[in-house]
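Have the structure open as you read.

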Amino acid sequence: MLARQAWRLLIFPDSLCAKLLKAKYYPNSRLLDTAFPRNASNTWRAIEYGLALLKKGINWRVGNGKNIRIWRDNWVPRDYYLKPVTRRRRSRLKWVSDLIDEECAEWKTEVLHEHFDPVDVEEILKIKLSIERTEDIIAWHFERTGVFSVKSAYKLALNLRTLGANTSGSKFQNRSRLWNYIWKADVPPKVRIFAWRLAKNALPTNENKKARHILETSTCAICGFEAETAFHAVVSCPHARDLFEAMRTEWPVPDTKQLHLSGPDWLLLLLDRLPAAYQAPLLLILWRNWNDRNAVTHGGARLSIEESARALKSLQNTLYKTTNHTSDDIKGKATMNIFAREQKKEATPMNLAQKLRWQPPGDGWVKINIDGSFIESTGQASAGIVIRDQLGQVLLSS
Ligand SMILES: [Zn+2]
């Protein structure tokens, strides 16, 4: 497997092969940061593919933190997302070592609380530091030993591939299944991260800010009526409610009764109750409501339901088009309103797309698609060939 080649380059930087490739392609940078030129050799392109997978499963084990960049590297040991989720604010912090008190080998808790959201702080504090100030090491996150294995990489590749497939219908409810509603939702990564923070009550709502003594009052800046909890900001504030109503004519939107849930797990429980086709629209609307709330709170923007609804529809339109670039057939038929079209079937747009999409071959196989044409009158002929692997990655096309 190609990811293994990339892994070797990473942990044996002194091997001959690694030195040759480094001299040619990334003389001044690290392998993990390299962007690859179009004219790269086949060997290199093959490694690049493996590297893309590797990057998703690499996690730094913090030693002294001097080699790990806070915002760019993977180093937060949790499932799925290994970088900090806190939005980067203006700060000089760059290296993980900036967060560590070297003397006593402890995290600088105050600095963490100042620069990171609670979701990150919680995870960072779980990382044990060593007094011996060891070097940082690159580890493979999906094996306990930290050593890359083809088996776990394959599993990761499969997991990434099934991202978006829906898992409802199981009666064995457990928390990780609930979290999958968010992590596997058919929405852009930024929306998933938002939803995760929302579910963890880690958004900087006025109520959370008041609790941390950043604000004196928690009153909602939009309506001025109630304390701004996360639920209020994205569901029950009049503006949020109006957007739900406006989208109801376009997308499958849960009815008002279902939106009455509250309590710490309201979002996960709500997602659990909804048919698959309702989940992505719900997350997109919540996300837009939070953005609108930010626009008012930070920029004093004026809210317009029409504008917000239009933005959501065009977002969905581009999302749908870009996820189906393998099939011209479907692209031509895409409409503004895929959610509504799918509502009756209770299927997500993904499911529909998968039926008409190119189907990947089994593990270890490649699939070759060939098409040709011939113009009788001129005798001209041409042919195209695409070779793809089990992940749908193009290995060769001509
Ligand atoms: Zn409000």
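## Helix H12

In helix H12 (residues 266-273), the buried residues are Leu267, Leu270 and Leu271. Buried here means that 20 or more other C-beta atoms, placed from the backbone, lie within 10 Å of a residue's own. Looking down the axis of H12, these buried residues fall within an arc of 100°, so they line one face of the helix. The arc is taken over the directions from the helix axis to the C-beta atoms.

A word on the source: this is a predicted model, in which local features need pLDDT of at least 70 and side-chain atom pairs count only at pLDDT 80 or more, while totals for chains, interfaces and linings use all residues. Residues are numbered from 1 along each chain as its sequence is written.

## Helix H11 and its partner

Helix H11 (residues 238-248) has Ala240, Leu243, Phe244 and Met247 buried. Down the axis of H11, its buried residues fall within an arc of 100°, so they line one face of the helix.

The axes of H11 and helix H13 (residues 276-299) come within 10 Å and cross at roughly 140°. The axes are lines fitted to C-alpha atoms over the stretch in contact, with angles from 0 to 180 degrees between N-to-C directions. On the H11 side, the contact (C-beta atoms within 7 Å) is made by His239, Ala240, Leu243, Phe244 and Met247, and on the H13 side by Pro281, Ile285, Arg288, Asn289 and Asp292.

## The whole chain

Of the 398 residues in the chain, 26% are buried. The chain has 17 helices and 7 strands, which are DSSP runs (H or I, at least four residues, for helices; E, at least two, for strands), numbered from the N terminus.

Definitions and conventions
Buried ≥ 20, exposed ≤ 12 C-beta atoms within 10 Å, placed from the backbone. Contact = placed C-beta atoms within 7 Å.
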